[in-house]
Amino acid sequence: MLWAACRRLTEVGRAPLPSLIIAGLLFEVMWFVCVFAPGTLLVLVVTAGNLAVHYRLFCISSPLITSPRGLRSTLSWVVMISAIGIGMDTALFQAGLLIPANPEALEFGIPLWLACLWVNFALALRFAFVFLRKHLLLAAVFGAIGGPVSYLAGSKIAGEVVLQSPIWLSLSVLGVLWAIFLAGAMKLARLKLFATGSQIGAH
């Protein structure tokens, strides 16, 4: 019964639970690569590789997702989340809440590695954290805690982006923004436009 409950909690389309775990682990790997190797070709390569792996794991294995509608909804989701995230971080840089170690990296709004990280995070939200669609309050809590912790950890590990002092104030602002963002994103994920897997088949 516990196994069945876990499968229902993390179900996405027709993908088995191990694939969802792999999707989550892939994002962790992408996070470390983007943080430890910013500004390098490796960031672009691993992001492209992550897209390919997700296509193999979720799209090829599910006829519902490989349909034109399924692929279109997935691409729309990745583009939307990436655009929102990049826009949010650009505003944070402009407001001075986030400070780049290399100001030249902001030539296009945010550093390239951070833009790639948003693409990878969009994939993670789509496939690894799909259970949050039905639990918006939990999504808000995840965002309020996970968002600030991610920025703080990145600043301590690599130092490519640092938080404005006082740190507690920056973390508080990030917590509020991320709680709203993640809950809002999961609310949008319920829309028919972004339906995937069994959701598509149900419409």
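Helices (H or I, at least four residues) and strands (E, at least two) are DSSP runs, numbered from the N terminus. Begin with the loop between E2 and H8, and select Pro-166 there. A cis peptide bond joins Ser-165 to Pro-166, with omega at about 0°.

Some ground rules. This is a predicted model, where local features need pLDDT of at least 70 and side-chain atom pairs count only at pLDDT 80 or more, while totals for chains, interfaces and linings use all residues. Residues are numbered from 1 along each chain as its sequence is written, and side-chain values use heavy atoms, with hydrogens and water left out.

**Whole chain**

Colour by secondary structure. The protein chain has nine helices and two strands. From the N terminus on, the order is α-α-α-α-α-β-α-α-β-α-α. Of the 203 residues in the protein chain, 46% are buried (buried is under 20% relative accessible area, exposed over 50%, partly exposed in between; 1.4 Å probe, protein chains only).

**Helix H7**

Select residues 136–157, helix H7. H7 has 22 residues and runs 30 Å from its first C-alpha to its last, close to the 32 Å expected at 1.5 Å a residue (the expected span is 1.5 Å times one less than the number of residues). Which residues of H7 are buried? They are Ala-139, Ala-140, Gly-143, Gly-147, Pro-148, Tyr-151, Gly-154 and Ser-155.

Now select Leu-137, Leu-138, Val-141, Phe-142, Ile-145 and Val-149: they form a nonpolar patch on the surface, with about 550 Å² of accessible area together. Patch residues have over 30% relative accessible area and no salt bridge; like charges are joined within 9 Å, nonpolar side chains (Val, Leu, Ile, Met, Phe, Trp, Tyr) within 5 Å. A salt bridge is a side-chain nitrogen of Lys or Arg within 4 Å of a carboxyl oxygen of Asp or Glu. Areas come from the Shrake-Rupley method with a 1.4 Å probe; for residues, only the protein chains shown count as cover. Val-149 is partly exposed, because its relative accessible area is 48%.

Move to Leu-152, also in helix H7. Leu-152 has 26% relative accessibility, so it counts as partly exposed. Draw a distance to Leu-163: the two C-alpha atoms are 7.4 Å apart, eleven residues on along the chain. After H7 comes Gly-159, with a positive phi near 75°.

**The largest pocket**

Show the largest pocket, which holds about 620 Å³ of space. Of its 30 lining residues, Phe-27, Trp-31, Gly-146, Gly-147 and Ser-150 lie nearest its centre. Two or more lining residues come from each of helix H2 (17–36), helix H6 (112–127), H7, strand E2 (161–163) and H8. H7 gives the most, with nine residues. On a 1 Å grid over the protein atoms alone, a pocket is an open set of points where a 1.4 Å probe fits, with protein on both sides within 12 Å along at least five of seven lines; lining residues have an atom within 4 Å of a point. Points are joined across faces, edges and corners, and the volume is the space filled by probe spheres set on them.

Select H6. Is H6 enclosed or open? 15 of its 16 residues are buried, so H6 is largely enclosed by the rest of the structure. The end C-alpha atoms of H6 are 23 Å apart, which agrees with the 22 Å that its 16 residues should span.

Finish on H8, residues 167–189. Its buried residues include Trp-178, Phe-181 and Met-186.
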